[in-house]
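Please read the structure below together with its sequence. The text after it goes through the fold step by step.

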Amino acid sequence: MAKRILVPVERTKEMEFALRVVRMIARESGGRVRLLAVLPIPEPLRDWRGCVILTTDQRIERLATSTADELARMAALNLDGVPVETSVIFGDRAVEIGVEAECFDADLVVMPTTLRRSPRAWMSRIARRLFAGRSATEIDVLRVGTLRPAPMV
């Protein structure tokens, strides 16, 4: 059973459904959940003359704080009764998800499916990172999609 569940958070409608699935899995298995937000490294904020108003470090600090608060709210709303950790990381999404799964020693990575973009390219990069040096039975990736009604003909 999945004892360590990593959930890379996305700002989509499907995320809420994925978190409900994660809550159910974690409660049944007695597992721990880590919500992970991977953000791109921001550029310094400059004024019209090109002078730096906010450095990259200052922007990272502000983004990390606001994102951590958002993850805490998300955990309180959707993962009630489940042990939850949160993590905010800056960098390439595919690489950082793989690194975090390895560091967290995740048994399961749960990601929502999205129709608006094709996840194949970065999912294959994540899979290569996750399975490098590990057998495929040690970690599972679950793509969760919301159930949509069939179109009426």
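The protein chain has a mean pLDDT of 80, with 73% of its residues at 70 or more. Residues 146–150 fall below 50 in pLDDT, and beyond near neighbours in sequence this stretch has four contacts in the model. Where pLDDT is low, the predicted coordinates should not be read in detail.

Strand S1 (residues 4–8) is joined to S2 by five bridges, and the two run parallel. Between S1 and S2 the chain passes through helix H1 (residues 14–29), and this β-α-β crossover is right-handed. S2 also pairs with strand S5 (residues 84–90), again in the parallel sense, over seven bridges.

The next topic is the packing of nonpolar residues. In soluble globular proteins, nonpolar side chains tend to be buried together. The largest nonpolar core here has 21 residues, of which Ile 5, Val 7, Leu 19, Val 22, Val 33, Leu 35 and Leu 79 touch the most other members. S1, H1, S2, H2 and strand S6 (108–112) are the elements that give two or more residues to this core. H1 supplies the largest share, seven residues.

Val 7 can be followed in more detail. Leaving out residues up to four places away in sequence, Val 7 touches Met 15, Leu 19, Val 22, Val 33, Arg 34, Leu 35, Leu 36 and Val 110.

The last stop is helix H2, which covers residues 56–78 and contains Asn 78. Is Asn 78 buried or exposed? The relative accessible area of Asn 78 is 14%, and the cut-off for buried is under 20%, so Asn 78 counts as buried. Apart from neighbours within four places in sequence, Asn 78 is in contact with Glu 16, Leu 19 and Arg 23. Of these contacts, Leu 19 is also one of the residues that touch the most other members of the largest nonpolar core, and Leu 19 is among the residues touched by Val 7.

Note on methods. Residues are numbered from 1 along each chain as its sequence is written. Side-chain values use heavy atoms; hydrogens and water are left out. Helices (H or I, at least four residues) and strands (E, at least two) are DSSP runs, numbered from the N terminus. Buried means under 20% relative accessible area, exposed over 50%, partly exposed in between (1.4 Å probe, protein chains only). Contact means heavy atoms within 4.5 Å. pLDDT is the predictor's confidence in each residue, from 0 to 100. Two strands pair if DSSP finds at least two bridges between them. A crossover is right-handed if, with the strands pointing away from the viewer, the path from the first strand over the helix to the second runs clockwise. A nonpolar core is a set of buried Ala, Val, Leu, Ile, Met, Phe, Trp, Tyr and Cys residues joined through side-chain atoms within 4.5 Å.
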